[in-house]
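Here's a quick briefing to read alongside the sequence and the model. Have both open as you go.

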Amino acid sequence: MLNALANTGIEVMVGVPNDQLLRVGQSRSTAADWINKNVGAYIPATNITYIAVGNEVLTTIPNAALVLVPALQFLQSALLAANLNTQVKISSPHSMDVISKAFPPSAATFNLTWSSIMSQYLQFLKNTGSSFMLNAQPYYGYVGGQGVFPLEYALFRSLNPNSQISDPNTNLFYTNMFDAIIDATYNSIQAMNFTGIPVLVTASGWPWRGGPSEKAATVDNALAYNTNLIHHVLNNSGTPSQPNNQPSTYIFELFNEDNRSGPVSEQNWGIMFPNATTIYSLSFEDVATAIPESPALRGVFCVANSSASHSALKHSLDWACGPGSANCSAVQPGQPCYASDDIVAVASYAFNDYYHRTQSSGGTCNFNGTAMITSTDPSHGSCIFSGSAGANGSNGGTASGPVSPDSFASKSQSCWLTHLVATLLPILFVVM
C-alpha cells in the first residue's frame, strides 16, 4: 500500500498497531527499527506526514496506558536521529470516551482516571507541534443519547426552531453534534492548562447497515452523514468556539470489516465491500449539497432519453452516482427503484435525483444529451421521484441499503475512486 501511494503527493498516516505498542514503548531500539522499516524506507517517495501510535489505547487496552507516552517519546527520538522529525509528526488517536461529559462543550473535561497520562501526552504534543487525534463518531453519541439528541443533529441536517441546541454557559448554538464533540475536546485540553494544540479527527463516519435494534444504521443515513461531513469540512467554517480552526478529518472507513466482532453495525462502516465494489458513492467536490426540495421543481423531472445508446446511458449513470453525488441507494437490488433489465428507468432516477439536488447551484439536466426534462411523473409503486407530489424532499426512494456487493450501480461506479485519490483535500480515508 505504501508503495502504491508513492509519487502521488497524497499525505499518508501510518499506524503502530495496538499489539506492537508494548514492544515499542519498552525499547528504544525497537522503536528505531519500527521507524526505519515503516517510515524511513518509504520517504521521500511516499509522503508520510503522521504516525498514529496505537488506537484508543486508554479506553480499549488500559493495561498498556503507561507505555503510551514512552512509545511516543522513543519514536520521536528515532525520527530525530533519522532527521525526519520536521516532516513526520507523532500522536495517538483517542475515543470520545476519554471525555467524561461532552455536553455542554464548555464544561467538558477529560476523565480523571487518565489525568497524569493525559497531561504527559498533551505536553508531548505541545513540545513537538503535533495534533490531538480524536475519533469523533456522532453515531455513537446519537445512539448512546437514547433520544436526547435528534437524528438531524447527528447528520448535519437542519433543526427546527424548537430543537435548537445551545451551550448554556457560552450561549453558542450548535447545529451539529460533530462540532460539539470538537469543541468539547478543545475545552478539555484547555481545562488541563494547555492551548495551541490543534485537533485532528482521525475517524468519523456512519454505519450503513445494522442489526434489528440498530435503526439508525442505514445507507441513507451513512450517505447523508458523510456527504454533509465533507461539505462541512470543505466549508472551512470551524466550530462555534473555534471558528478559525477547521479540523482536518479522516472518513471512517474505506472498506467494510467483515471479520470484526460486535454488533452488525461494527462490520458495516465502509463505503466499499472488501471486494472493492461500491456500497454508496461520495463526491469531494462541494457542488451537490443536499438542499430542501425547491417549489419551482415540483412536477418537473429529469429523465433518461430512451433513444440514447446503452453505453452512453451507462457512462452518464456512472457519473451521476459517482462524482455527481446523486443518491443512488434506491436503485440498488431489493430497493423500490431497482430494475435490473431497464437502464433507462435506473438512469432516470439517478439523473432526477442529481438535478433536484443541484439545480439551484447550476446543475443541469443534460448528461451529454442522454437526459431530458419532462412534466410526466415517472414515479411508480413505492419508487417516488424527487419533484413528485408524493416526495417529502430531495431524496425520493425509500431504500435502506444494498443487500450484496453485486449491485447494478456498484459495478458501474469504480471510476469515482480514481477521482477521489487524485483530489488532495483535508478529508482522507482511514483503512483499519
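What follows is a short tour, from the overall picture down to single residues.

This is a predicted model, so to speak of local features a pLDDT of at least 70 is needed, side-chain atom pairs count only at pLDDT 80 or more, and totals for chains, interfaces and linings use all residues. Residues are numbered from 1 along each chain as its sequence is written, and side-chain values use heavy atoms, with hydrogens and water left out.

**Overall picture**

- Of the 432 residues, 53% are buried, where buried means under 20% relative accessible area, exposed means over 50%, and partly exposed is in between (1.4 Å probe, protein chains only).
- Take the contacts between residues at least 6 apart in sequence: 74% of them join residues at least 24 apart. A contact here means heavy atoms within 4.5 Å.

**Confidence**

- Average pLDDT (the predictor's confidence in each residue, from 0 to 100) is 85, and 86% of the residues score at least 70.
- Residues 287-291 have pLDDT below 50, and this stretch has 15 contacts in the model beyond near neighbours in sequence.
- Residues 393-427 also stay under 50, and the model gives them 95 contacts beyond four places in sequence.

**Helices α10 and α11**

- Helix α10 (residues 310-321) packs with helix α11 (residues 343-358) at about 35°, and their axes are 9 Å apart. Axes are lines fitted to C-alpha atoms, for helices over the stretch in contact, and angles run from 0 to 180 degrees between N-to-C directions.
- The crossing of this pair is left-handed, meaning that the near helix is turned anticlockwise from the far one by less than a right angle.
- On the α10 side, the contact residues include L313, L317 and W319, while those from α11 include V346, F351 and Y354.
- By class, the contact has 12 nonpolar, two polar and one charged residues. Nonpolar covers Ala, Val, Leu, Ile, Met, Phe, Trp, Tyr, Cys and Pro; charged covers Asp, Glu, Lys and Arg; the others, Gly among them, are polar.
- C328 sits in the loop between α10 and α11 and is buried, at 5% relative accessible area.
- C328 and Y354 are 26 residues apart in sequence, with their C-alpha atoms 9.4 Å apart in space.

**A buried aspartate**

- D179 belongs to helix α8 (residues 177-191) and counts as buried at 4% relative accessibility.
- Leaving aside residues up to four places away in sequence, D179 touches Y174, H232, G238, T239 and P240.

**Backbone details to check**

- The I43 to P44 peptide bond is cis, with omega near 10°; P44 lies in the loop between α2 (28-40) and β2 (48-53).
- F252 and E253 are also joined by a cis peptide bond, with omega about 5°; E253 is in the loop between β9 (249-251) and β10 (301-304).
- N193 isn't a glycine, yet its phi is positive at about 65°. N193 is in the loop between α8 and β8 (199-204) and is exposed, at 71% relative accessible area.
- F367 has a positive phi near 50°, but F367 is buried at 10%, in the loop between α11 and β11 (371-374).

Terms used. Helices (H or I, at least four residues) and strands (E, at least two) are DSSP runs, numbered from the N terminus.
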